[in-house]
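Please examine the sequence and the model shown below.

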Amino acid sequence: MTVFWVLTLALTCAVAAILGLALIRGRRDVTPAEAFDLDVYRDQLDEIERDAARGVIAPEDAERLRTEVSRRILAADSRMQRAGAQQASTGRGSLAVAGVLALALLGGGFGLYWQLGAPGYGDLGLERRKELARMARESRPSQAEAVAEIAAAGPDPMLSEPPAEYLGLVTRLRAAVAERPDDLQGQTLLASSEAALGNYDAAAEAQARVIALKGEDASARDFADLADMRILAAGGYVSPEAEEALNAAMSRDPRNGVARYYYGMMMAQTGRPDAAFRLWQDLLRDSTPSDPWVPPVRAQIEDMAMRAGVEYRLPPLGDAPGPSAADIAAASEMSEADRQEMIRGMVAQLSDRLATEGGPPEDWARLIGAYGVLGDTEQARAILQNAEEVFVGNEDALGTIRATARNAGLLQ
């Protein structure tokens with residue numbers, strides 16, 4: 001750090017010196033006009049003396065001219081003395097301004113760094129930051145530690161007291177499940193009931209039991225629900241146990257929206273806003289405006305992009321599905337040229353929206369069908385290939401898209 005401060009001080013002084021010299025030398029060092037006048041007047045005196053010696057002018061005229069020129073010499077000399085004093089004063093003022101500028105640079109620069117910078121903190125390159133993020137992720141508190149910290153803070157004042165009748169039903173359900181811990185339906189109902197009461201830790205425990213009872217039949221949604229309950233129980237913190245559930249969910253369905261949203265949040269919490277931004281950007285492209293994770297992602301993604309050093313503008317929340325079959329059928333009343341122009345405009349809007357924001361499989365299928373109507377089979381095949389890449393692993397979505405592709409004659 002000593003080297004840093006010495007180099008910073010030296011650079012600041014150098015900049016201040018350059019600016020100060022520019023300010024001082026900015027004055028034009030030009031000989032005053034009075035000095036030229038003096039030279040002219042002296043030459044005139046010499047000429048008068050020569051003319052008087054040769055007898056060109058009378059002695060009384062020579063004396064009168066000497067007096068007049070001498071008066072002018074005295075006046076010019078007086079003006080030159082005043083200009084010199086003013087110039088010296090300006091020079092001293094420039095020196096004073098240069099000194100103030102140097103102090104402002106030194107004091108202001110170090111003051112701003114002390115407020116906005118990180119004195120004593122070493123340089124962090126990209127690889128070092130990634131390493132610190134990895135260490136933070138590996139050493140972060142467990143689920144039990146996070147829940148204990150939440151419990152120590154006391155109950156959430158925002159939670160309202162549930163009806164006594166509902167509490168009585170949940171109490172009886174707890175007792176029934178305790179007697180029959182292997183009852184899958186009972187554990188499933190208990191998990192949702194505890195979550196409705198805000199008892200997310202108990203809900204997560206019941207959901208973990210549901211997954212254990214289902215075994216290999218446990219779905220991506222089951223694990224995503226477990227992660228959701230654990231994260232809510234920890235006050236929004238993604239613990240290692242919650243991460244384990246997220247990994248299990250995404251291994252079963254890589255496109256699970258809940259798991260992808262929380263995984264991005266975990267990356268942000270452990271010092272990887274770049275990874276969080278990429279995850280959320282892809283998630284927005286694959287989502288519809290009605291998906292529950294869209295509002296929280298849209299509320300945070302611009303800040304995440306800024307932290308990641310990425311220039312990003314949040315796209316508008318699109319809700320226009322693009323050209324429907326009814327839209328295209330209505331165009332039959334137009335002339336052929338107008339109809340083709342209208343359809344192509346609507347198709348272009350849908351294509352741009354899917355390219356920038358993404359959309360549900362129905363929109364991709366609609367775009368493929370629209371290109372089929374236009375007879376642009378090459379573009380329709382390109383959209384089909386793109387859609388298969390977007391929805392890889394999501395057989396339901398691919399089934400919707402491929403059914404339209406078959407109707408358009410793209411698939412057998």
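**A buried tyrosine and its surroundings**

Tyr261 has a relative accessibility of 11% and therefore counts as buried, the cut-off being under 20%. The model in which this residue is seen is a predicted one.

Eleven of the 13 residues of H11 are buried, so the helix is largely enclosed by the rest of the structure. Among the buried residues are Tyr261, Tyr262 and Tyr263, together with Met265, Met266 and Met267. Arg260 is also buried.

Both ends of H11 deserve attention. After the helix comes Gly271, whose phi is positive, near 90 degrees.

Aromatic contacts come next. A pair of aromatic rings is described by the distance of the centres and the angle of the planes. The structure holds four such pairs. In one of them, the rings of Tyr261 and Trp280 have centres 5.6 Å apart and planes at 15 degrees; the pair is therefore stacked, since planes under 30 degrees apart count as such. Because Tyr261 lies in helix H11 and Trp280 in helix H12 (residues 273-285), the pair ties together parts that are 19 residues apart in sequence. Trp280 is buried, with a relative accessible area of 0%. Tyr261 and Trp280 also form one aromatic cluster with Tyr262.

Which pair is edge-to-face? The rings of Phe277 and Tyr312 have their centres 5.1 Å apart and their planes at 75 degrees, so this pair is edge-to-face, the cut-off being over 60 degrees. The pair links distant parts of the chain, 35 residues apart: Phe277 lies in helix H12, and Tyr312 in the loop between helix H13 (294-307) and helix H14 (325-330). With a relative accessibility of 4%, Phe277 counts as buried.

The view can now be widened to the protein chain as a whole. The chain has 18 helices and zero strands. Of its 412 residues, 32% count as buried. Among contacts in the chain with a separation of 6 or more, 59% come from residues 24 or more positions apart. The protein chain exposes about 24800 Å², of which carbon and sulfur atoms supply 56%.

Definitions and conventions
Residues numbered from 1 in each chain as written. Predicted model: local features only at pLDDT ≥ 70, side-chain atom pairs only at ≥ 80, totals over all residues. Heavy atoms only, no water. Helix = DSSP H or I, 4+ residues; strand = E, 2+ residues; numbered from the N terminus. Buried < 20%, exposed > 50% of the residue type's maximum accessible area, 1.4 Å probe, protein only. Contact = heavy atoms within 4.5 Å. Areas by Shrake-Rupley, 256 points an atom, 1.4 Å probe, with all protein chains shown as cover. Phe/Tyr/Trp six-rings, centres within 6.5 Å; stacked < 30°, edge-to-face > 60°.
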